[in-house]
Amino acid sequence: MSVRSQVSSAVVAVVTLMGGSAAASSINQNTAWTINRPNATGTYRVVAYGDSIFAGYNGAPFSVARRAAPYVDGEYLSTKWNANIEIIRRTKSGARADDIYTNKIVAERSYMQASNTRVVMFEMCGNDYLQARSAFMQQTGTCNYFELDSALFNCTLQMERSMKAINTYATTAKVKIIANIYYPGFDADNVLTNCTDSSTGTRVNKRARFLPYLLKSNWRACNLAQQYGFKCADSFAEYMGADYDSNGDGQIDRDAIRYRSGESEDGYVNRLTALSSTLRDANVHLANSSTSYDYIQSDNTHPTYYGSSTIGINTSGNGSGSGASDFNDSQFLNGQNPVWNRSGHERMGWSISTFDPSTP
């Protein structure tokens with residue numbers, strides 16, 4: 001295939017992916033970036049597997065955001081450990097969970113088998129639900145929930161398989177983390193479907209139908225994490241809940257909707273459903289009652305990121321680079337960099353970093 005053909009194919013894949021169709025394509029966006037630190041005591045590796053979220057997708061096939069969540073965590077680690085941190089992202093934008101498990105976590109397991117690997121993380125299922133949601137909205141007549149049920153079943157299956165595989169292969173990792181998923185298009189989904197429910201005979205509110213599936217999926221992500229020795233970064237709580245108490249119940253919203261160990265799946269779904277009035281579209285994440293930050297790009301799907309620096313991707317789907325940390329040690333206060341809550345990737349990377357061990 002010629003370079004022009006490769007470029008054309010990649011662009012078509014991205015356009016299809018961005019359209020969120022049920023038959024979306026996927027594209028490899030793999031990167032390796034080393035954060036170099038003066039007088040470092042060693043070099044350690046962070047490995048991240050996933051889809052466009054961990055890739056740092058920015059709408060282009062041949063570049064990704066440098067400060068995606070895995071990089072952000074690597075920067076925290078570099079400061080904490082006084083070490084060089086090699087951030088390996090093995091990601092495929094547009095990929096469903098089974099693709100990530102089979103063709104990334106298992107097929108590319110050598111990246112986490114390196115003796116200097118200390119952190120392994122993964123995220124998946126976003127495309128499973130995006131595609132199921134798209135198919136659901138195209139329905140007419142009587143609503144069929146098969147695609148949504150299948151997405152939940154397959155996501156649960158692949159998350160568990162992925163944890164088992166990482167436990168087998170990442171023998172030098174000191175911490176393993178899954179990041180659950182936020183709800184892109186929360187406000188846009190507050191519309192009625194064109195199909196009608198078989199029980200009520202009425203059209204269905206898209207958000208009301210979709211939210212419980214996402215909540216079940218996120219509960220299962222965190223519950224499986226406990227079973228298999230993983231940590232669970234609750235991206236849903238960090239993105240969808242305000243950083244202050246908006247309803248006067250005595251709890252900061254993000255903490256009120258956070259996963260709780262020991263709570264049943266039904267209990268979690270019912271609790272968050274009861275608190276649904278405090279959920280906010282992540283395009284307008286509230287830091288307080290008068291300050292908000294946009295966590296979602298203009299595609300209403302992918303996280304925003306700090307700065308404009310990118311990593312170039314070649315036609316084989318790979319990119320690399322190195323450089324110093326963007327922030328000096330004095331700028332990290334209470335385990336947070338100065339922009340920790342101002343974009344989607346910074347928030348997710350900080351959330352992941354709260355599980356980092358104190359020493360390598």
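Colleague: Which residue follows α7, and what is its phi like?

Modeller: Gly229 follows α7, and its phi is positive, near 75°. Keep in mind that this is a predicted model.

Colleague: What about α7 itself, how many residues does it have and how far does it reach?

Modeller: Helix α7 covers residues 206–227, which makes 22 residues. From its first C-alpha to its last it reaches 32 Å, close to the 32 Å expected at 1.5 Å a residue.

Colleague: And what goes on at the start of α7?

Modeller: There, a side-chain oxygen of Asn205 comes to within 3.0 Å of the backbone nitrogen of Arg207.

Colleague: OK, cysteines. How many disulfides does a search of the whole structure find?

Modeller: It finds 3 disulfides. With the bonded cysteines numbered in sequence order, the pairing reads 1-3, 2-4, 5-6.

Colleague: What about Cys125, what is it joined to?

Modeller: Its partner is Cys155, at 2.0 Å from S to S. The torsion about that S-S bond is about 95°, so this disulfide is right-handed. Cys125 lies in the loop between β6 and α5, while Cys155 lies in helix α6, so the pair ties together parts that are 30 residues apart in sequence. Cys125 is buried, with a relative accessible area of 1%, and Cys155 is buried too, at 0%.

Colleague: And where do Cys143 and Cys195 lie?

Modeller: A disulfide joins Cys143 to Cys195, S to S 2.0 Å. Cys143 is in the loop between β7 and α6 and Cys195 is in strand β9, so parts 52 residues apart in sequence are tied together. The torsion about the S-S bond is about 95°, so the link is right-handed.

Colleague: Switching to strands. Is β3 largely enclosed or open, and why?

Modeller: Strand β3 (residues 43–50) is largely enclosed by the rest of the structure, because 7 of its 8 residues are buried. β3 pairs with β5 in the parallel sense over 8 bridges, and Tyr44 stands opposite Ile85 in β5. β3 also pairs in the parallel sense with strand β6, over 5 bridges, where the partner of Arg45 is Thr117.

Colleague: What does the His345 side chain reach?

Modeller: The His345 side chain reaches the backbone nitrogen of Ala69 at 3.0 Å. His345 lies in helix α11 (residues 344–353) and is buried, with a relative accessible area of 0%. Leaving out residues up to four places away in sequence, its contacts include Ile53, Arg67, Tyr239 and Tyr305.

Colleague: Last topic: what is the phi of Asn300 and Asn334?

Modeller: Asn300 has a positive phi of about 60°, and Asn334 has a positive phi of about 55°. Neither is a glycine. Most residues other than glycine have a negative phi.

Colleague: Are those two buried, partly exposed or exposed, and where do they lie?

Modeller: Asn300 is in the loop between β13 and β14 and counts as partly exposed at 23% relative accessibility. Asn334 is in the loop between β15 and α11, and it is exposed, with a relative accessible area of 79%.

Conventions. Residues are numbered from 1 along each chain as its sequence is written. This is a predicted model: local features need pLDDT of at least 70, side-chain atom pairs count only at pLDDT 80 or more; totals for chains, interfaces and linings use all residues. Side-chain values use heavy atoms; hydrogens and water are left out. Helices (H or I, at least four residues) and strands (E, at least two) are DSSP runs, numbered from the N terminus. The expected span of a helix is 1.5 Å times one less than its number of residues. A polar contact is a pair of N or O atoms within 3.5 Å; within protein, one must be able to donate a hydrogen and the other to accept it, and residues adjacent in sequence count only if both atoms are side-chain atoms. Buried means under 20% relative accessible area, exposed over 50%, partly exposed in between (1.4 Å probe, protein chains only). Contact means heavy atoms within 4.5 Å. Two strands pair if DSSP finds at least two bridges between them. A disulfide is a pair of cysteine sulfur atoms within 2.5 Å.
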